[in-house]
Amino acid sequence: MKVLILGAGYGGLMTALQLQKELDYNEAEITIVNKHSYHYITTHLHAPAAGTLPTNRVKIELDDLIDREKINRIQQEVVEISLENKSVKLKDGQILVYDVLVIALGSDIETFGIKGLKEHAFVIRSVNSVRLIREHIEYMFAKYKAEPDHSEYLTFIVGGAGFTGIEFVGELADRVPELCKEFDVNPEVVRIINIEAAPTVLPGFEPNLVEHAMEVLKGKGVEIRTNTPIKEVTAEGVTLANGEQIKSGTVVWTGGVRGNKIIDNLGIETIRSRAKVDPYLRAPGYKDIFIIGDSSIVFDENVKPYPPTAQIAVQEGEYVAKQIVSLIRNGEMKLKPFKFQYRGTVASLGRREAIGTVGRWKIKGMTASLMKQLIDNRYLYSIGGLPLVFKKGKFLG
Ligand code: FAD
Ligand code: NAD
């Protein structure tokens, strides 16, 4: 049986590693296709973006994790999927066919059609996109030294105060003192402004913890503006919905995600490019096509969609792998519908500060920061054992 996995992020990689663990050699012909030769730890990306962690610490070469005797790896971009013809087209023109398909192509940035955003804003999306941010921040410090009348070079705007925005400004605020020292700049010139459309940062999260996050970030010098939608991004900065303009040399957009645009062309129902899958995570009407992670949408018992997270993507990957093993060995799936086990959420606010909910507990400060590291290190352990934890893990950072 030919099993084809598209994407080696949290969902796709977990599917592949579970199949690798459970299947014997030659039980199936498994292929994984991914744009890059590596998996990246998205949950740490805010740190290399700010420059507090080297970029190579968030990259893990896929060949260090997969057994090439069991899994064939193709480094290519998927450009088209035909569910009808059971085929996948790659950018180099190759056509792949399959018996079972797992689509785990992650998400795209949600721009909400905001003018100038694609052209002028940076995004925290991939290893390459965060490299650009890090380099650009340093360039802005150097540029300000050459043209000290332009204080806007050192105004950093972050659009959106969801988890990505909050984690990034926390990290950036930690980096600024180092940069000021390195470039001999008065810290008072530097501004970090986090702009959020909703009435509060982290909309929908525990109010007490949101309060704590605001205090911590303000204490680090971050300016937070809520009830303030960004309307346009230009080469000079941003224009807000109220018409106000803020000059800035750097705009980082963290305003949300939608599914991968490839999903829109599958001919099945989608919500913001995320496939509405059946209770077994399959494309409706297809018994051998699974869509997982940020590329699909799953609802809780109150028909509220689960947010797109690594946590759910990993559980979906494990579930789908078990179903595939059963398909291979028994000719049918054995498991009940997918059920997400929510374990909590912890968000970093920079060095030794975080907030989170874990089970019934609300945690903050150092405890939450340690919990975040534990969660992230646990993931590394699940894919690469202790050696990977020591190589790529975070300890008291
Ligand atoms: P991804 O992990 O994005 O993987 C998709 C893979 O597909 C990538 O390797 C990509 O290169 C590849 N790909 C995409 N398109 C193509 C193509 N056309 N051809 C070939 N390959 C392709 N979630 C949490 O649960 N906890 C956290 O702490 C957390 N922190 C986060 C911090 C940041 C800064 C960000 C941005 C997100 C965070 N998330 C967190 C969300 C989490 O990262 C995503 O929900 C998760 O990565 C989704 O997994 P996935 O497998 O669907 O997609
Ligand atoms: P998000 O959708 O959670 O947050 C985006 C924020 O941008 C929202 O608060 C929204 O109101 C705001 N926004 C939208 N348009 C705006 C505008 N025009 N002007 C100003 N603000 C605007 O997106 P995210 O933070 O990138 O998170 C994406 C997913 O990844 C979520 O599911 C999140 O839970 C997950 N994530 C989790 C963690 C964690 O668990 N530590 C960290 C990062 C991301």
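Predicted model: local features only at pLDDT ≥ 70, side-chain atom pairs only at ≥ 80, totals over all residues.
Figure 1. Val201 sits in the loop between β13 (191–195) and α6 (207–219). Which residues does Val201 contact, leaving aside its neighbours within four places in sequence? They are Ala161, Ile166, Glu196, Val210, Ala213, Met214, Ile224 and Thr226. Arg175 is 26 residues from Val201 along the chain, and 22 Å separate their C-alpha atoms.

**Figure 2. Two nonpolar cores.** The largest nonpolar core has 56 residues. Ile166, Phe168, Val169, Leu172, Ala213, Leu217 and Val252 touch the most other members. Helix α5 gives the largest share of this core, 8 residues. A second, separate core holds 52 residues, including Ala28, Val277, Ala283 and Val314. Two members of the largest core, Ile166 and Ala213, are also contacts of Val201. Beyond its neighbours within four places in sequence, Leu172 is in contact with Ala50, Phe156 and Ile192.

Figure 3. Strand β18 covers residues 250–253. In a regular strand, side chains alternate between the two faces of the sheet. Here Thr250 and Val252 point one way, while Val251 and Trp253 point the other way. Are these four residues buried or exposed? All are buried. Strand β11 (residues 122–123) runs parallel to β18 and is joined to it by 2 bridges. Strand β12 (residues 155–159) also runs parallel to β18, with 4 bridges between them. Val252 has a counterpart in each of these strands. Phe122 stands opposite Val252, and Val158 has Val252 as its bridge partner.

**Figure 4. An open sheet of 3 strands.** The order of the strands is β20-β21-β23, and the pairing is mixed. Strands of a sheet pair through backbone hydrogen bonds, either parallel or antiparallel. The edge strands, β20 (270–271) and β23 (296–297), each pair on one side only. Strand β21 (residues 274–276) runs parallel to β23, and 2 bridges join them. Ala275 has Ser296 of β23 as its bridge partner.

Figure 5. Most residues other than glycine have a negative phi. Leu281 has a positive phi of about 70°. Arg352 also has a positive phi, near 55°. Where does Leu281 lie? Its place is the loop between β21 and β22 (289–291). Arg352 lies in the loop between β24 and β25 (354–358). Leu281 counts as buried because it has 23 C-beta neighbours inside 10 Å. Arg352 has 14 other C-beta atoms within 10 Å, so it is partly exposed.

Figure 6. The protein is divided into domain 1 (2–35 + 76–109 + 257–342) and domain 2 (111–255 + 343–397). Their centres, taken over C-alpha atoms, are separated by 31 Å. How many residues does the contact take from domain 1 and from domain 2? It takes 6 residues from domain 1 and 6 residues from domain 2. The side of domain 1 that touches domain 2 has 4 nonpolar, 2 polar and no charged residues.

**Figure 7. Ligand 1, between the domains.** Domain 1 and domain 2 both give residues to the shell around ligand 1, so this ligand lies between them. The shell has 32 residues, and the closest are Gly7, Gly9, Gly106, Gly293 and Thr309. The elements α1 (10–22), β2 (29–34), α5 and α7 (310–330) give two or more residues to this shell. By class, the shell has 12 nonpolar, 16 polar and 4 charged residues.

**Figure 8. The shell around ligand 2.** There are 27 residues around ligand 2. Gly160, Gly162, Phe163, Gly256 and Pro307 come nearest. The elements that give two or more residues are α5 (163–183) and β24 (345–348). Which element gives the largest share? Helix α5 does, with 4 residues. By class, this shell has 15 nonpolar, 10 polar and 2 charged residues. Domain 1 and domain 2 each give at least three residues to the shell around ligand 2.

Conventions
Residues numbered from 1 in each chain as written. Chains lettered and ligands numbered in written order. Near = placed C-beta within 6 Å. Nonpolar A, V, L, I, M, F, W, Y, C, P; charged D, E, K, R; others polar. Domains from an automatic or database assignment. Contact = placed C-beta atoms within 7 Å. Core = buried A, V, L, I, M, F, W, Y, C linked by C-beta atoms within 7 Å. Buried ≥ 20, exposed ≤ 12 C-beta atoms within 10 Å, placed from the backbone. Pairing = 2+ DSSP bridges.
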